[in-house]
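Me: I would like to go through a model one feature at a time. Please give the general idea before each case.

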Amino acid sequence: MSAQQKRLEAAREALHTPISVQEAHRPEAIEIAKQLGWATDEELAESQRQMDEAGCCTHGIDPDCCPMGCDGIE
Ligand SMILES: [Zn+2]
């Protein structure tokens with residue numbers, strides 16, 4: 001496995017392992033996601049805007065119901 005492949009694997013694992021909202025929104029994680037072609041700045045902004053409008057947390061669900069405990073985070 002090349003060094004780049006290892007890096008991509010590590011990035012995937014990090015992104016698929018939600019530790020906390022803060023962790024999920026680390027700039028590095030977003031950068032890696034963008035590098036992998038998962039999201040552009042526009043897509044991230046648009047999805048965040050839609051979630052804000054819907055009153056959802058960053059996981060796209062009602063903060064009161066979020067298993068990640070988003071109701072306690074502003
Ligand atoms: Zn949440």
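Me: How many helices and strands are in the chain?

Reply: Helices (H or I, at least four residues) and strands (E, at least two) are DSSP runs, numbered from the N terminus. The chain has four helices and zero strands, in the order α-α-α-α from the N terminus on. This is a predicted model, in which local features need pLDDT of at least 70, side-chain atom pairs count only at pLDDT 80 or more, and totals for chains, interfaces and linings use all residues. Residues are numbered from 1 along each chain as its sequence is written.

Me: What share of the 74 residues is buried?

Reply: A residue is buried if 20 or more other C-beta atoms lie within 10 Å of its own, exposed if 12 or fewer, and partly exposed in between, with C-beta atoms placed from the backbone. Buried residues make up 1% of the 74 in the chain.

Me: Why does helix 4 lie largely in the open?

Reply: Of its 14 residues, the number buried is zero, so helix 4 lies largely in the open. The helix reaches 20 Å from its first C-alpha to its last, close to the expected 20 Å; that expected span is 1.5 Å times one less than the number of residues. Just after helix 4, G55 takes a positive phi of about 75°.

Me: Where does T40 lie, and is T40 buried or exposed?

Reply: T40 lies in the loop between helix 3 (27-35) and helix 4. T40 counts as exposed because it has 11 C-beta neighbours inside 10 Å. The C-alpha atoms of T40 and I30, ten residues apart in sequence, are 9.1 Å apart.
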